[in-house]
Amino acid sequence: HYYYINYTSSLISDYNYFNSNYHLSSYIHGLKKYLQKMPDFKNINTIELIDNKSSVLSIGCELNQEKKIDNFFSSPIILWNHRWEYDKNPDLFFKILFELNDNNIDFQLIVLGERYQDYPEIFDIAKNKLKDKIIHFGYCESQREYIKYLQLANILPVTSNQDFFGISIVEAVSYGVYPILPKRLSYPELFDNILNPQIFYNSESELKNKIISAIKSIELLYPEIKNLAKITSQKFSWGTVSKEYDKIFEELIIN
């Protein structure tokens, strides 16, 4: 049902915009699989019509260039600032942190996000198992509090299986958190020509090794982190993106 709503909406529209190239290509690929399931009148030709009137327009984020507050903690702080959902793959995230803890690798932890009625059990396990590492665990009551923890954190290991853009990642990076990202989904294009390729990983073991390396060398990464925060804020803030929106929408109206 939802497939069909998206399909007919994008078909009847004058133009379609997607969060990323990954989002657009995933949609087109999904349409092909969906229409092939039709018993007759598959309308495969409509996919090309949709593709020809679709492109990418990235999301704008509320980002402010604020000074990162002093880190009064003795060890690097790892951050989770995503939804508490299965598609964000928290099992892998916490599995690696459990291993680091067992190996006496020093780190601390901030876990942000709202707990709904149904959420992965691993969060409860982690809250107990990593209790000596935790600075904050759970929902922030205000944006001010949320930003405070972004400013405090150092390393953002991302384990998501699904992401068409990555607002939480852009927010964290803009406030001075070093990302470690899977080389898939929307992430390579988000930080195209910005990030050192060293921040991308292709396997679980590579992710773990990169987290350990970042923990041990976080001070050496500060110049790169500072530059990355500046570039990310400039690229994805509404002050920049809104101008692109205005330009594109005006051209659509005129044409």
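What percentage of the 255 residues of the protein chain count as buried? The share is 48%, where buried means under 20% relative accessible area, exposed means over 50%, and partly exposed lies in between (1.4 Å probe, protein chains only).

## Basis of the description

The structure is a predicted model, in which local features need pLDDT of at least 70 and side-chain atom pairs count only at pLDDT 80 or more, while totals for chains, interfaces and linings use all residues. Residues are numbered from 1 along each chain as its sequence is written, and side-chain values use heavy atoms, with hydrogens and water left out.

## Overall architecture

The protein chain contains 11 helices and eight strands. These elements are DSSP runs numbered from the N terminus, with helices being H or I of at least four residues and strands being E of at least two. Along the principal axes, the C-alpha atoms of the protein chain fill a box of roughly 60 × 40 × 35 Å.

A contact is defined by heavy atoms within 4.5 Å. Of the contacts in the protein chain between residues at least 6 apart in sequence, 74% join residues at least 24 apart.

## Nonpolar cores

A nonpolar core is a set of buried Ala, Val, Leu, Ile, Met, Phe, Trp, Tyr and Cys residues joined through side-chain atoms within 4.5 Å. The largest such core has 64 residues, and I78, L79, F94, L97, L100 and F123 have the most contacts inside it. Helix α4 (residues 90-102) gives the most to this core, contributing seven residues. Another core, of 10 residues, lies apart from it and includes F18, Y27, Y34 and I47.

With residues up to four places away in sequence not counted, L97 touches I78, F107, L109 and L130.

Helix α5 (residues 122-129) has I122, F123 and A126 as its buried residues. Seen down the axis of α5, these residues fall within an arc of 100 degrees, so they line one face of the helix; the arc is that of the directions from the helix axis to the C-beta atoms. The cover over the buried residues of α5 includes β3 (77-80), α4, β4 (108-112) and β5 (134-138).

The loop between α5 and β5 holds K133, which counts as buried at 14% relative accessibility. Leaving aside neighbours within four places in sequence, K133 is in contact with N101, I105, D106, F107, Q108 and L109. The C-alpha atoms of K133 and I105 are 11 Å apart in space, and the two residues are 28 apart in sequence.

In helix α3 (residues 45-52), the buried residues are T46, I47 and I50. Viewed down the axis of α3, they fall within an arc of 105 degrees, so they line one face of the helix. N45, E48 and N52 are exposed on the other side of α3. The buried residues of α3 pack against α1 (2-12), β1 (16-18), α2 (21-36) and β2 (54-56).

Most residues other than glycine have a negative phi. In the loop between α2 and α3, F41 has a positive phi of about 50 degrees although it is not a glycine. F41 counts as exposed, at 72% relative accessibility. N43 is also found in the loop between α2 and α3, and the phi of N43 is near 55 degrees, again a positive value in a residue other than glycine. N43 is partly exposed, with a relative accessible area of 41%.

## The α10–α11 loop

S237 lies in the loop between α10 (222-236) and α11 (238-254). S237 is buried, with a relative accessible area of 13%. Not counting residues up to four places away in sequence, S237 touches C61, L63 and T232.

## The largest pocket

On a 1 Å grid over the protein atoms alone, a pocket is an open set of points where a 1.4 Å probe fits, with protein on both sides within 12 Å along at least five of seven lines; lining residues have an atom within 4 Å of a point. The largest pocket has a volume of about 490 Å³, the volume being the space filled by probe spheres set on the points, which are joined across faces, edges and corners.

The lining of the largest pocket comprises 22 residues, of which N81, H82, R83, G113 and S168 lie nearest its centre. Helices α6 (143-152) and α7 (167-174) each supply at least two residues of this lining. By class, the lining has nine nonpolar, nine polar and four charged residues. Here Ala, Val, Leu, Ile, Met, Phe, Trp, Tyr, Cys and Pro count as nonpolar, Asp, Glu, Lys and Arg as charged, and the others, Gly among them, as polar.
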